[in-house]
Amino acid sequence: MPEGPELHLASLFVNEICKELVFSGCVEKSSVSRNPEVPFTSSAYRISATARGKELRLTLSPEPGAQPPQEPLAIVFRFGMSGSFQLAPRNELPAHAHLRFYTAPPGPRLALCFVDIRRFGRWDPGGEWQPDRGPCVLLEYEQFRENVLRNLADKTFDRPICEALLDQRFFNGIGNYLRAEILHRLRIPPFEKARTVLEALQQRRLNPELTLSQKIKAKLQNPDLLELCHSVPKEVVQLGGKGYGPERGEEDYAAFRAWLQCYGVSGMSSLRDRHGRTIWFQGDAGPLAPKGGKSRRKKSKETLLGHEDRKEDPLPPSKNPSRSQRAPRNLPKQPAAQGPEQTSPQRDLEAPTAPKKTKRRRRPATSGRRRAQKTRANTSSLESEETLLS
C-alpha cells in the first residue's frame, strides 16, 4: 500500500511532468470506477500537486482568459492499495486509468492518469484534507510530535505500539512497512503498550549545557520513535523513483528492497495484529502479542525462490483427461509383462481392441461393430466436454 513517502514522491512526479504542460477539455472518468465525476471543463488549465500524509491534492487552475471563467478546483486523492499517477499518450492509455486529464493542442496529445489496479483509491472533487487526520510526519514534524504527546490519554495508546502507529489521527503517513522499520531500528517489541513507549519521550530532555550542534548530533545518533517517524520516511523519499512495489519498475523496487532492514526480510518473524495486518519484527513480540498467535519466520532467499518457482509451474492436469488419455480405458488391461509397451499413448491407440484369449472374441462380429460405434460416441462426447472447459 502506498504510504506517506509514496504520496510525496507522486506529488513531486506530477509537478515535474506538468510544469510545462497545458491541459484542456473535461476530466474523464472510467465507466467502471465508483468514484464521483469531476465537474470541471476548461479551454486551458494547469495542474499542480501537494501531498500531506496519505493524501494528495491536485489543483486544476484555469489560465487567464480560459473559458468558461471559473475558480481553481481541488481534488483530494487517497491511493488505497495500488494508486499512482502516470503520463501516457492519449491513444495509449494504461490499463486501469480511472481518471484522465488531457493536454491541449498543439503538441503531442498526452493524458495524466490516475491508475488504480485494485480500485480501492478514492478522490473527492472540491475536497479538503480529511479533518480527522493528524499533521504529516514528513512535512509537519513539530506539529506531529506535539499532537502525539499531547494526546497520550487517548485510548488509542492503550493498544500495542504497532497498532497505534497505523492510526492516521496521530501518525498521518505511517503504514505497514514504515512501522516495522521504525520499531526494528529501536528494538521496540511491536506488541509493547504504546503509552509505555511514548510516555518516556515526555521526560526526555537534552542537557541544556550542550551547544546547538551537539544537540543535533545527539538526536541524530540517538533518535527517539517520533523522530524516526519523520526521518525514516525521508530516507525513502531520498531513494527517488516513483515508490515501492515491483509494478513501479524493477530498478526502483530493487533500491527499495535493498534499503529495507526488517519488513519482509529473511530471518525476521511476523504476527498478525488485531486488524489482520502483518507486522514484521525481530526478537520478543511484546506483552500484548495476540494469544495463540503463531510467529512465522521469513524464509531464506533460496526457499523463497523455490516457492516462486512452484507458483510458476504449469497448472496440474484437468480432472477431465484428454481423449488420448481416456481412450485406452475402453480397452481391456494389458498383462503386467507388457508394461513397457504402454509408455506411448499412440501405441495404446493402435493396439488391438481386445486380447486374443478372451470371451469377447467369441462374440459375433456385430458385437465388435457395436463396440466401435460406442467408442466413436465416447469420442464425440469428450470433444464436447473439452470445448466447454476451454
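Here are a few friendly questions and answers about this predicted model.

Me: Which strands stand at the edges of the open sheet?
Reply: Happy to walk through the sheet. Five strands form it, in the order β1-β3-β4-β5-β9, with antiparallel pairing. Two of these strands have a single partner each, so one side of each is left without a neighbour in the sheet. Those edge strands are β1 (23-26) and β9 (122-125).

Me: Which residue in β3 does C26 stand opposite?
Reply: Start with the pairing of β1 and β3 (residues 41-52), which is antiparallel and runs over three bridges. Within β3, the residue opposite C26 is T41.

Me: At about what angle to β3 does helix α1 run?
Reply: Helix α1 covers residues 4-18 and lies across β1, β3 and β4 (55-62). Its angle to β3 is about 145°.

Me: Within what arc do the buried residues of α5 fall?
Reply: In α5 (residues 194-202), the buried residues are A194, R195, V197, L198 and L201. Looking down the helix axis, they line one face of the helix, because they fall within an arc of 160°.

Me: What covers the buried residues of α5?
Reply: Good follow-up, and the cover can be given by element. Other helices contribute to it. Among them are α2 (141-150), α3 (161-164) and α7 (225-239).

Me: Which elements give two or more residues to the lining of the largest cavity?
Reply: The count comes to one cavity of 30 Å³ or more, and the largest cavity has a volume of about 40 Å³. Its lining is made up of G4, H8, A51, R52, G53, C136, L138 and L139. The elements giving two or more of the lining residues are α1 and β3.

How values were computed: Residues numbered from 1 in each chain as written. Predicted model: local features only at pLDDT ≥ 70, side-chain atom pairs only at ≥ 80, totals over all residues. Heavy atoms only, no water. Buried < 20%, exposed > 50% of the residue type's maximum accessible area, 1.4 Å probe, protein only. Helix = DSSP H or I, 4+ residues; strand = E, 2+ residues; numbered from the N terminus. Arc of directions from axis to C-beta. Contact = heavy atoms within 4.5 Å. Pairing = 2+ DSSP bridges. Axes fitted to C-alpha atoms, helices over the stretch in contact; angles between N-to-C directions. 1 Å grid on protein atoms, 1.4 Å probe; cavity = no way out; pocket = protein on both sides within 12 Å on 5 of 7 lines; lining within 4 Å. Points joined across faces, edges and corners; volume = space filled by probe spheres on them.
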